[in-house]
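Please keep the sequence and the coordinates at hand while going through the points.

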Protein chains: 2
Amino acid sequence: MTVLVFLDPAYENGRVADASKPQLMATDQGATRGDGIFESMLAVDGTPRKISAHLARLAASAETMDLVIPPADAWERAAATAIAEHPPARELVAKLLVTRGVEGAGSPTAWVQASVPGPSGRRQRESGIDVLLLDRGYDSTVAERAPWLLLGAKTLSYAVNMAALRYARKHGADDVIFTSSDGLVLEGPTSTVLTATVREGTRTLTTPLLESGVLPGTSQGALFSTAADAGWQLGYGPLVPQDLFGADAVWLVSSIRLMAPVRSIDGRKIPVSRELTDELTELLVKGSRE
Amino acid sequence: MTVLVFLDPAYENGRVADASKPQLMATDQGATRGDGIFESMLAVDGTPRKISAHLARLAASAETMDLVIPPADAWERAAATAIAEHPPARELVAKLLVTRGVEGAGSPTAWVQASVPGPSGRRQRESGIDVLLLDRGYDSTVAERAPWLLLGAKTLSYAVNMAALRYARKHGADDVIFTSSDGLVLEGPTSTVLTATVREGTRTLTTPLLESGVLPGTSQGALFSTAADAGWQLGYGPLVPQDLFGADAVWLVSSIRLMAPVRSIDGRKIPVSRELTDELTELLVKGSRE
């Protein structure tokens, strides 16, 4: 089941709506133009993980999109309502969505949706994933030159991300790592790329440069916040595909699926480490609680 | 007012819905991921213009998106219902929309929305528009290499197009002409670029190469279908910005606004020809009826 809670000034803790009935206007610009933003966060035993990081990124996306959205505390209360209204579950996905609203109305439509995560995330983080490298079409410097491309915002315009995933599945893979047209590793359609290398006792985690036009990963951020104390060196790219093939392990990291170990890239096997996955997942979870 | 007609197998001519009430599920992938496609067509005195071209492009977009959508005749009947249900108006916009539907449901959500066009289109085609050249980030060869970028599909993921228009307005312009990262002229966020040159008695209309990743313009197609008989040479790019500055007239062409004459590009005035605009608008309208 899905629980819907709309952010509505008339309801301090959000307005619970019947998710089995239509609740959006057909003229909402979220539906007609993908004109909005979102966040997906994991709630464990009723508590959302790293809610501040998600709300900070939502606010940053809103600013990039010239979208005025409800304040953080309204989102926190609506998310709490959505989680409380859902039958108890060990894990829930709490999705925060806000669109530019109905054309001409001038006010955004904002809601939280709580539901149980699908089974594929757990399966993939246990068994690993096969990925394809796909060209994202942009070079790694365009994000800074062309703010209208919204590269740092998590918008509702996800058709290309979904198409890339369908392309991967049609070609026998599970997921995608986008590359820039100038050959850098960027991100997954719904995840951040992370590599681990162990060289002469030095353990290093590396993720692509933010400036290359990737979304700042809240999970990668949570992991980095605890990994340094655990003895990891932390690095920001640039990464090229060869770095992925040369790493001791590669993951796609995201809020719901957590650390999904990459077991092959473009059909070529790469090392998978259960020990590293377990250690880093623990550090990620620890960082997500803080 | 807006009239909504959903395509529904239980209603041969479409199911009329109350547009003043929510009609979309909040979990529809159109709203949560911009995962769908659309067309906007003009109906004049109750008759949609170039409906076959719009339905053909909708079908092509669906194929690119792996989306199974209702057949053309169902769209035609639903559009006729939407137009008939609307109070009579000289001009109506009939928008056709189809999303991937509610997550897990496996069937698309398809509807037609009829409304009176906003006043800005008429104003802009009369007074002309100031445009900015903005980098679309893609090079002109990526469309053929990377089908997952959906460059030939008219998807609901329009956040970048809307952001480019906001950027233009913030910088004192009305509209945008996108360029490729390798310097070619592409298209407007919601229109096709067209130039006219008159050289030693030879009159030529030119539009960018389709292969460079632009949407095939239904209005440009309608115009080209009648312009040859009126003595115009027809050409497909490549066009570079210098060609725009050197042309005798430049337009952004689209189904609702028709021929909007460009009067400046990046603040630099270019020639505007009322005569050419009138002649070509007439040819466009003629081609749209056939």
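1. Basis. The model is predicted: local features need pLDDT of at least 70, side-chain atom pairs count only at pLDDT 80 or more, and totals for chains, interfaces and linings use all residues. Residues are numbered from 1 along each chain as its sequence is written, chains are lettered from A and ligands numbered from 1 in the order in which they are written, and side-chain values use heavy atoms, with hydrogens and water left out.

2. Relation of the chains. Chain B is superposed on chain A by a rotation of 180° with 0.0 Å of shift along the axis, at an RMSD of 0.0 Å. This is the relation of a two-fold axis. The same surface serves both copies, as 100% of the contact residues of chain B recur in chain A. The superposition is by least squares on the C-alpha atoms of residues with pLDDT of at least 70 in both copies.

3. Extent of the contact. Chain B and chain A each bring 50 residues to the contact, where contact means heavy atoms within 4.5 Å. The area buried between them is about 4100 Å², and carbon and sulfur atoms give 61% of this. Buried area is the accessible area (1.4 Å probe) that two parts lose on being put together, summed over both.

4. A:Arg145 forms a salt bridge with B:Asp135, with the closest N and O atoms 2.7 Å apart. A network of salt bridges links A:Asp66, B:Arg166 and B:Lys170.

5. Salt bridges within a chain. Over all chains, the structure holds 35 salt bridges. In one of them, A:Arg199 and A:Asp248 meet at 2.8 Å, N to O. A:Arg199 lies in strand β9 (residues 192–199) and A:Asp248 in the loop between α8 (241–246) and β12 (249–254) of chain A, so the pair ties together parts 49 residues apart in sequence. Helices (H or I, at least four residues) and strands (E, at least two) are DSSP runs, numbered from the N terminus. In chain B, B:Asp139 pairs with B:Arg145, the closest N and O atoms being 2.9 Å apart. B:Asp139 counts as buried at 16% relative accessibility, whereas B:Arg145 is partly exposed at 43%. Buried means under 20% relative accessible area, exposed over 50%, and partly exposed in between (1.4 Å probe, protein chains only).

6. B:Ser255. Which side chains are joined to B:Ser255 by polar contacts? B:Lys50 is joined to B:Ser255 at 2.7 Å, and B:Thr218 at 3.4 Å. A polar contact is a pair of N or O atoms within 3.5 Å; within protein, one must be able to donate a hydrogen and the other to accept it, and residues adjacent in sequence count only if both atoms are side-chain atoms. B:Ser255 lies in the loop between β12 (249–254) and β13 (258–265) of chain B, and counts as buried at 12% relative accessibility.

7. A:Leu209. This residue is found in the loop between β10 (202–207) and α7 (218–227) of chain A. At 28% relative accessibility, A:Leu209 counts as partly exposed. The C-alpha atoms of A:Leu209 and A:Pro238 are separated by 5.5 Å, although the residues are 29 apart along the chain.

Technical notes: A salt bridge is a side-chain nitrogen of Lys or Arg within 4 Å of a carboxyl oxygen of Asp or Glu.
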